[in-house]
Amino acid sequence: MELSAFTYTVYIATTPERTWETLTSADMSPLFWSGCAIESDWRPGSRVKLTREGVVRSSGQVLECTPASRLSYSFIRRYLPEYESEGASQVTFEFEPLGAQTQLTLTHSGFPQDSKIRPVVAESWPIILSSLKTLLETGQPLSDIRRSAGQLVATAGGC
Amino acid sequence: MEAPQFMYETYIATTPEKLWEALTLPEFTQEYWSDARIESNWKPGAPVRHVRGDVTLNSGEVLEYDPPRRLTYSWTVRHLPEYEAEGASRVTFEIEPLGPQVRLRVTHEGFQPGSKTLTLIGGGWPIVLSSLKTFLETGAPLGIGRREGKIYTS
């Protein structure tokens, strides 16, 4: 028995192409992804890793990649043993043009019944995708929001 | 088994006070909420209506009004008979300041299993809240909205 998938849809005033480029860029991602860089060559089967300050936080493999349309990768959190032992879940992004906007739909699925990761990602994705939207629409991300001592806190600057 | 509900969080570069105005004043909601004005005097128990032109889209009453932190009202879909028959649900807005931005959490609950209204609002809220965020951060809303469950672009 699996827990339900986490899904989140956000509408962004830009093109699917620009959304795609920003979301998959090792240089841009730390701006909106709580300081994490996402790195991959985005070929099916290639490694995907999320690093912060040189430490690998999560990693997985590209499962599907159709630029500006659909991206799917497996996801294992690496930095805490209790998370790592849960094994891989799956992250899928779908990009749909709607007039001058993009509908970006995230589905994160494959959580075991007692998952400790699902609540973490359910809290994190809205922060990441809100900041991505702000960056694409205004040129500046939100100020970095992270969990500290059980509380969400925002830093004054970026990340 | 979890009770059927819809929950959505969005983080917005604005103040709790500005966000509160954007949620409660008709001249603001009509900018980003698919042309719908919200009408209420916001006293406990007072009627709340979403109105587009002379059509009442949804109506309910004020259950909690605690500016600029927490707002709850009941919600019955009025313009589509098959939804109206499902009766009232309720929506809660919670605003939390976080440095120079706010977290807005919208929880819409009180649905029967298999509710059509839940499917309708589950598609609608991300559009409304994405447009609200864009409106507060850039001064102009998104060029999308929804009527009778269908997305339109402008």
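1. The largest cavity in this predicted model is lined by 20 residues. Those nearest its centre are Trp33(B), Asn58(B), Trp75(B), Gly124(B) and Arg146(B). Its volume is about 320 Å³. Counting cavities of 30 Å³ or more gives four.

2. Several elements of chain B share in that lining. At least two residues each come from the strands β3 (47–52), β4 (55–66), β5 (70–77) and β8 (144–147), and from the helix α4 (116–138). The most come from α4(B), which supplies six residues.

3. The helix α4(B) deserves a look of its own. Over 23 residues, α4(B) spans 34 Å from first C-alpha to last, close to the 33 Å expected at 1.5 Å a residue. Most of α4(B) is covered, with 17 of its 23 residues buried.

4. In chain A, the helix α4(A) has 22 residues and reaches 31 Å between its end C-alpha atoms, close to the expected 32 Å. A bend of about 25° occurs at Ser124(A), and Pro126(A), a proline, comes within four residues after it. Of the 22 residues in α4(A), 17 are buried, so the helix counts as mostly covered. Just past the end of α4(A), Gly139(A) adopts a positive phi of about 85°.

5. Nonpolar side chains tend to be buried together in soluble globular proteins. Here the largest nonpolar core holds 71 residues. The members that touch the most others come from both chains: Trp33(A), Tyr73(A), Phe93(A) and Trp125(A), together with Tyr73(B) and Trp125(B). Helix α4 of chain A (residues 117–138) makes the greatest contribution to this core, nine residues. A separate core of six residues lies apart from it, and includes Ile127(A), Leu142(A), Tyr11(B) and Leu98(B).

6. Which residues are in contact with Tyr73(B), leaving aside neighbours within four places in sequence? Among them are Trp33(B), Ile38(B), Trp42(B), Val48(B), Val62(B), Leu63(B), Val91(B) and Phe93(B). The list also takes in His50(B), Glu61(B), Ser89(B) and Arg90(B).

Terms used: Residues are numbered from 1 along each chain as its sequence is written. Chains are lettered from A and ligands numbered from 1 in the order in which they are written. This is a predicted model: local features need pLDDT of at least 70, side-chain atom pairs count only at pLDDT 80 or more; totals for chains, interfaces and linings use all residues. Side-chain values use heavy atoms; hydrogens and water are left out. A nonpolar core is a set of buried Ala, Val, Leu, Ile, Met, Phe, Trp, Tyr and Cys residues joined through side-chain atoms within 4.5 Å. Buried means under 20% relative accessible area, exposed over 50%, partly exposed in between (1.4 Å probe, protein chains only). Contact means heavy atoms within 4.5 Å. The expected span of a helix is 1.5 Å times one less than its number of residues. The bend at a residue is the angle between axes fitted to the seven residues ending there and the seven starting there. On a 1 Å grid over the protein atoms alone, a cavity is a set of points where a 1.4 Å probe fits but cannot get out, and a pocket is an open set with protein on both sides within 12 Å along at least five of seven lines; lining residues have an atom within 4 Å of a point. Grid points are joined across faces, edges and corners, and a volume is the space filled by probe spheres set on the points.
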